[in-house]
Amino acid sequence: MYDYDLLVVGSANADLVIEVERRPAAGETVLGGDLATHPGGKGANQAVAAARLGARTALLARVGDDAHGRLLLDAQRAAGADTAGVLVGGAPTGVALITVDPSGDNSIVVSPGANGRLTPADVRDAAGLLGASRVVSAQLEIPLETVVEVVRGMAPGSRFVLNPSPPLPLPAEVLAACDPLIVNEHEAKVILGEAGADGEPADWARLLLAKGPRSVVVTLGADGALVADGHGVTAVPSVQVTAVDTTGAGDAFTAALAVRLGAGAALPEAAAYAARVGAAAVTRRGAQESYPTAAEVEAL
């Protein structure tokens, strides 16, 4: 019996967001709207998204002993996520600088701060959380060696979900644990290198699967997603909505997929549900503030 449907091991950032008419080119200054501060970070986002969907969720992360850290902890608790694994101190809370254009597309620069101090030792100290979690999700806004330790410390029978963002070369040990590896178009191309430069998304999915993951999901924005496993490549259609802000939508997708997999859904079914959650998220501004409840997803 697992105490948690999902444990998220990852980053927690304060998102500093400015709306702009267009994103600046190199050397260019543009004027934007008012600065807004929101709780964010790929790990914290996934935990909030899962908790909003009704999953028993815990977060293993590190924040600073500062106002941004308190903002993040309050947001987790308000969503219903367990913060027992959130460590405080060691560095200022991470910060993401985000510009959002009128189409809802964004550009993001992250200062890792305390996220870079989440260590393999912290993961070993959280062995109780890992052992109590049906699914464990991670990203790469924390040190790669910490993610490796997560893979090594998981309970037998639990499932590992990885979104390698920002993308890095992944050790075979991590790739072999991924079920699935979730990438967008940019992440797929970076991980594949020259092998994926000229291919189509279905080719990327097959090539990524050949690298060792048990399954792969390639997200394609408005074009939906592709699911690849031992049964082949399956297309998952998108849900047509008017995008207002895409910030954090990929995190909502990953969290929803992980939650559905933990409930026993097949990967294509879980990805279809995740696409609906991601679509709901882009219709609202912000990251965590935009995440839907399970009832809102059913109504979409």
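Leaving aside its neighbours within four places in sequence, Leu257 is in contact with Pro180, Ile182, Val217, Leu267, Ala270, Ala271 and Ala274, where contact means heavy atoms within 4.5 Å. The structure is a predicted model, in which local features need pLDDT of at least 70 and side-chain atom pairs count only at pLDDT 80 or more, while totals for chains, interfaces and linings use all residues. Residues are numbered from 1 along each chain as its sequence is written, and side-chain values use heavy atoms, with hydrogens and water left out.

Leu257 is also one of the residues with the most contacts inside the largest nonpolar core, which has 46 residues; Leu6, Leu59, Val217, Phe253, Val277 and Tyr291 are the others named there. A nonpolar core is here a set of buried Ala, Val, Leu, Ile, Met, Phe, Trp, Tyr and Cys residues joined through side-chain atoms within 4.5 Å, and buried means under 20% relative accessible area, exposed over 50%, and partly exposed in between, for a 1.4 Å probe and protein chains only. The elements that give two or more residues to this core include β1 (4-9), β12 (225-229), α9 (249-262) and α10 (267-282); helices (H or I, at least four residues) and strands (E, at least two) are DSSP runs, numbered from the N terminus. Apart from this core lies another, of 40 residues, with Ala58, Ala126, Ala177 and Val183 among them. In soluble globular proteins, nonpolar side chains tend to be buried together.

Nine strands form an open sheet in the order β5-β4-β1-β8-β9-β10-β11-β12-β13, and their pairing is mixed; two strands pair if DSSP finds at least two bridges between them. At the edges stand β5 (86-88) and β13 (232-236), each of which pairs on one side only. Within this sheet, β1 and β8 (residues 133-139) pair in the parallel sense over five bridges, and Leu7 stands opposite Val136 in β8.

A further open sheet has four strands in the order β3-β2-β6-β7, again with mixed pairing. Its edge strands β3 (36-40) and β7 (106-111) each have a single partner strand, so one side of each is left without a neighbour in the sheet. Strand β2 (residues 13-19) pairs with β3 in the antiparallel sense over five bridges, and the bridge partner of Asp15 in β3 is His38.

| Helix | Lies across | Angle |
|---|---|---|
| α5 (residues 144-153) | β1, β8 and β9 | about 165° to β9 |
| α8 | β10, β11, β12 and β13 | about 150° to β11 |
| α2 | β2, β3 and β6 (94-100) | about 55° to β3 |

In helix α7 (residues 185-192), the buried residues are Glu187, Ala188, Ile191 and Leu192. They cover an arc of only 120° around the axis, which puts them on the same side of α7; the arc is that of the directions from the helix axis to the C-beta atoms. These buried residues pack against β9 (159-163), β10 (178-183) and α8 (201-210). Asn184 caps the N-terminal end of α7, with a side-chain oxygen 3.2 Å from the backbone nitrogen of His186, and α7 is followed by Gly193, whose phi is positive, near 65°.

In α8, the buried residues are Pro201, Trp204, Ala205 and Leu208. Seen down the axis of α8, they fall within an arc of 100°, so they line one face of the helix. What covers them includes β10, α7, β11 and β12. Just after α8, Gly212 takes a positive phi of about 130°.

**Two loop residues**

Ser215 has its place in the loop between α8 and β11 (216-219), and at 2% relative accessibility Ser215 counts as buried. The side chain of Ser215 makes a polar contact with the side chain of Asp179 (2.7 Å); a polar contact is a pair of N or O atoms within 3.5 Å, and within protein one must be able to donate a hydrogen and the other to accept it, while residues adjacent in sequence count only if both atoms are side-chain atoms.

Arg56 is found in the loop between α1 and β4, and is partly exposed, with a relative accessible area of 32%. The side chain of Arg56 reaches the backbone oxygen of Tyr2 at 3.1 Å.

How values were computed. Axes are lines fitted to C-alpha atoms, for helices over the stretch in contact, and angles run from 0 to 180 degrees between N-to-C directions.
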